[in-house]
Structures are given as C-alpha cells and as structure tokens.
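Please examine the ligand site and the backbone of the model shown here. A report on both is requested.

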Amino acid sequence: MDDDPTTQSANDDDGRILVASLLLKLRSIGISDRKVLNAIEAIPRNLFVPEELMHLAYEDRALPIECGQTISAPSVVAMMTAALDLGDRHKVLEIGTGSGYQTAILSRLARRVTSLERFRTLIPLAEARWAVLGISNISVVQADGNQGWSRQAPFDRIIITAACETAPSKLVAQLVDEGILIAPIGSSDTVQRLTLFQKYGTRVDTRDLGGVRFVPMMSGVAQNL
Ligand code: SAH
C-alpha cells in the first residue's frame, strides 16, 4: 500500500485512469491548450481536497474545502488558466487562494505567483501542499483582495477566483499595459459571467467567457479562522 497522498491517486493504475478520463473530459469541452492540460496532469488534485472527498478529486466538480469555501471544478480552473494566456516570464496575482490548487496550476506556467487570501487558516494548508509538490515560486499573503497588491504591481496577469459584484477597476489598474485580468462578475446568489479584461493604455476591452458560479468576494480579511 502506498500511503503517500501525492502518489496514491495520481500514480497507481486507478489514479492514472482517473486523471486520463478527466483530461479526456477537458478536451471534449474544448480545452486544447497543451501546457494547461500538462499542468492539470502534473498537479494531483486529490492533495487539495478534504480527505473524506478524495475519491471525488478527479470528478469535474467543485468541492467544499475548509472555512466554508470551495475548490473550483477542474474545467473552470483549466478554462480560466488557458484564457490567461500565460508566459513563463509572467508575474501573476491571484485573489482567493482557497485550497491552493489553482495557484499550483498557475505556478507551473508563470514565473511567480502572489496569492491573496482573507482566511488565515487556509494559508498554511495551501503552503504545505505546495511544499510537498516542491513548488517554490508562490508567495501567499493574508489580505483583502479588493485592494489588490500595490507593492508588487503591476502584474502581467490577475485572476480572481471569487465573484465580484462589479468590474474590479482597482485591480485592472494594477495590470501592465496589455495585461489580462479574469474574474467572475455578478451578484453572489446568481450565476456569474466569467469575464476577461484586457488593458490597452487607458482603454479596457472585455470579453464574456460564459456562466460560472463562485463564492462571493467578501470585504476585508476574516477576523476569526
Ligand atoms: N482558487 C481556489 C478557489 C477558492 S474559493 C481553489 O483553487 O481552491 C474563493 C476564495 O476566495 C476563498 O478561499 C475565499 O476566502 C477567498 N476570498 C473571498 N473574498 C476575498 C477577499 N476579499 N480577499 C481575499 N480572498 C478572498
């Protein structure tokens, strides 16, 4: 028996079949970006979900995590990552670390990722997962993502993994010229629109990428937890 959670599901035969069928599913819904598919294949999602839900880790569905939050479905992670059009020199800001799964995927495709999370409890859990995987190009901070992270701005790419009620103009302002920001936009209790913002000087172009459902972006850092 292999007790190592990083290899258990990804490396045994059953695990390989689960990963392969997830990749087929992602291809079938139009995700063809090789680098993104490779990252999904390389990062064991089972490591990022609560132990009692590990058997569902390779299903294409969002799952509950600590602090009442969720890990996004793999198809949403893949779609958002592909739309970011990442390059290996890119400096990326992520709002909403959660389990740290999306962060880990980004870290394989970019130079450096800064991730902001409002729940202190989630931070060491995510850091421990990245450490197990040998990932060292992520910094995570407990902070209110609504403010962005001006001390390291501008960023080449920004990804918000919680729903914003309105366009996050404060964060768009922290992008480089031609930088891309992706965020779910809409009120918390309805389906939101995944929206891509690209900045060209003072102009910002937007593109609709479809309906999604994310937990809401809250204001301020969490006082408990
Ligand atoms: N990307 C995550 C999904 C996280 S769910 C994953 O792959 O697991 C959204 C996360 O956004 C939650 O952890 C929530 O606490 C966080 N969040 C919500 N509002 C925030 C804010 N204002 N600042 C920072 N993080 C926030």
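The report below takes the ligand site, then an aromatic pair, then the backbone.

This is a predicted model, in which local features need pLDDT of at least 70 and side-chain atom pairs count only at pLDDT 80 or more, whereas totals for chains, interfaces and linings use all residues. Residues are numbered from 1 along each chain as its sequence is written, and side-chain values use heavy atoms, with hydrogens and water left out.

The ligand is surrounded by 25 residues, of which Ser99, Glu117, Asp144, Gly145 and Met218 are the closest; a residue counts here if one of its heavy atoms lies within 4 Å of the molecule.

| Residue and atom | Ligand atom | Distance |
|---|---|---|
| Glu117, polar side-chain atom | oxygen | 2.6 Å |
| Asp144, polar side-chain atom | nitrogen | 2.9 Å |
| Gly145, backbone N or O atom | nitrogen | 2.8 Å |

Taken alone, the ligand exposes 580 Å², and the protein buries 100% of that, with accessible areas taken from the Shrake-Rupley method with a 1.4 Å probe. Strand E2 (70-71), helix H5 (101-109) and strand E4 (112-117) each contribute at least two residues to the shell around the ligand, where helices (H or I, at least four residues) and strands (E, at least two) are DSSP runs numbered from the N terminus.

The structure holds one aromatic pair, formed by Phe48 and Tyr101 in an edge-to-face arrangement, at 5.5 Å centre to centre and with 70 degrees between the planes; rings pair if their centres lie within 6.5 Å, and planes over 60 degrees apart count as edge-to-face. The two residues are 53 residues apart and link distant parts of the chain, with Phe48 in the loop between helix H3 (34-42) and strand E1 (63-64) and Tyr101 in helix H5.

In the backbone, the peptide bond from Ala153 to Pro154 is cis, with omega near 5 degrees, and Pro154 lies in the loop between strand E5 (138-142) and strand E6 (155-160). Cys67, in the loop between E1 and E2, has a phi near 60 degrees, a positive value in a residue other than glycine.

Definitions and conventions
A polar contact is a pair of N or O atoms within 3.5 Å; within protein, one must be able to donate a hydrogen and the other to accept it, and residues adjacent in sequence count only if both atoms are side-chain atoms. Rings of Phe, Tyr and Trp (its six-membered ring) pair if their centres lie within 6.5 Å; planes under 30 degrees apart count as stacked, over 60 as edge-to-face and the rest as tilted.
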